[in-house]
Every structure is written in structure tokens, then in C-alpha cells.
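Open the model in your viewer and keep the selection panel at hand. This tour goes stop by stop, with something to select at each one.

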Amino acid sequence: MAEERELQEAVGRFVRAFGLHQPDQTPCGRPIPVSEAHALAELARDGALRQNDLAHRLRLEKSTTSRLVTQLINRGWVERSAAPGDGRGVLVQLTAAGVTAAEQLAKARAARFSAILDRVPPGERADVLRALETLTEAMDDP
């Protein structure tokens, strides 16, 4: 029981230190919700995606993803279109303004992560990355 409590407290401290508890800005200080930043990053990395695939990657419900995409459309950052060869499928892709927003977020994210990594002793960096991977994999198991 003590280990579970320690993990809970450590994760809570990490969430607060990284800024994940602030719903209206990214951990790198950009004034947009984290979910929108993650959606932009996914679309910037792989181009147009089916809305269902975006939901899966973001680990969000379909209805939540639909609202998220609508918010991004309202910002002028993405557009929806019919998926080729699938009358019910919806394709989501970045607009020119979305590409610019995604690039700005990527630069801010890179700067933040670089600054964080610089404060981790070089001999411990691989252990930190391995611990994060292990924790993520443990959360993925059913």
C-alpha cells in the first residue's frame, strides 16, 4: 500500500511540476489546451488523419474528439473533409494557419524539454526515459 501511495504522490507532483493540471495552457506555456496541442502535433507528424484514428491516438472518446476538432476548426487550424472511398469517414488535416501553429508549439515544446533534460544529470537520463516508458507500458496493460 505504501508503494501505491508513493507512486500516486510522485505522479501528482510530476503533473503539477510539468503544468499538466492547467487546462488552458500547454506545459510549455502556450495559451491553448493540452488536448489541442496534442492533436496539432499528431496531425503535423502524419498529415491528414481519419478522425477516428486521431481519437485513438489521443486516447479520447469519439464525441470528445469531434468537439476538439470543432474547436480547432473554429481557430482556423484544421479542416474536415470526407475520407476518400468511405462515405461515413471523416478526414482531418491542418490548414496553413494550423501548420504555423503546430510549428510554433513544436519549437516551444523542444525548448522546454531541452531545458528539462539539461537539468537531469547525463548519467541518469537513460534511466529517466526508461522509467517513463515502463510506467507508460504499465498503464497500457489491461
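Which residue in S3 does Ser81 stand opposite? Select Ser81 and look across to S3: the residue opposite is Leu91. Keep in mind throughout that this is a predicted model.

**The whole chain**

Zoom out and show the cartoon. The chain has six helices and three strands. Follow them from the N terminus, and the order reads α-α-β-α-α-β-β-α-α. The C-alpha trace spans about 50 × 35 × 25 Å along its principal axes. Colour by burial next: of the 142 residues, 26% count as buried. Now turn to contacts between residues at least 6 apart in sequence. Of these, 43% join residues at least 24 apart.

**The sheet**

Select the three strands. They form an open sheet, ordered S1-S3-S2, with antiparallel pairing. Strand S1 (49–50) and strand S2 (78–82) are the edges. Each has a single partner strand, so one side of each is left without a neighbour in the sheet. Go back to the pair you started with. S2 and S3 run antiparallel and are joined by five bridges.

From H2, pick Ala37, Leu40, Ala41 and Ala44. From H5, pick Gly98, Ala101, Ala102, Leu105 and Arg109. These contact residues divide into seven nonpolar, one polar and one charged.

**The nonpolar core**

The largest nonpolar core has 18 residues, and Leu40, Leu72 and Val78 touch the most other members. Which elements each supply at least two residues of this core? They are H2, helix H3 (51–58), helix H4 (62–74), strand S3 (90–94) and H5. H2 gives the most, with four residues.

Now show everything around Leu40. Leaving out residues up to four places away in sequence, Leu40 touches Ile32, Leu72, Trp77, Leu94, Gly98, Ala101, Ala102 and Leu105. Gly98, Ala101, Ala102 and Leu105 also belong to the H5 side of the helix contact.

As background, nonpolar side chains tend to be buried together in soluble globular proteins.

Select Glu42, in helix H2. Is Glu42 buried or exposed? At 14% relative accessibility, Glu42 counts as buried. The cut-off for buried is under 20%. Setting aside neighbours within four places in sequence, Glu42 is in contact with Gly47, Leu49, Leu54, Arg57 and Leu58.

Move on to Gln51, in helix H3. Gln51 is also buried, with a relative accessible area of 12%. Beyond residues up to four places away in sequence, Gln51 touches Thr65, Ser66, Val69, Arg80, Val90 and Val92.

Go to the loop between H3 and H4 and select Arg59. What is the phi of Arg59? Its phi is positive, about 60 degrees, although Arg59 is not a glycine. At 59% relative accessibility, Arg59 counts as exposed.

**Two distances to draw**

Select Asn74, in helix H4. Asn74 counts as exposed, at 65% relative accessibility. Draw a line from its C-alpha to that of Glu3. The two C-alpha atoms are separated by 45 Å, and the residues are 71 apart along the chain.

For the last stop, find Val11 in helix H1 (residues 2–18). Val11 is partly exposed, with a relative accessible area of 37%.

Note on methods
Residues numbered from 1 in each chain as written. Predicted model: local features only at pLDDT ≥ 70, side-chain atom pairs only at ≥ 80, totals over all residues. Heavy atoms only, no water. Contact = heavy atoms within 4.5 Å. Nonpolar A, V, L, I, M, F, W, Y, C, P; charged D, E, K, R; others polar. Core = buried A, V, L, I, M, F, W, Y, C linked by side-chain atoms within 4.5 Å. Buried < 20%, exposed > 50% of the residue type's maximum accessible area, 1.4 Å probe, protein only. Pairing = 2+ DSSP bridges.
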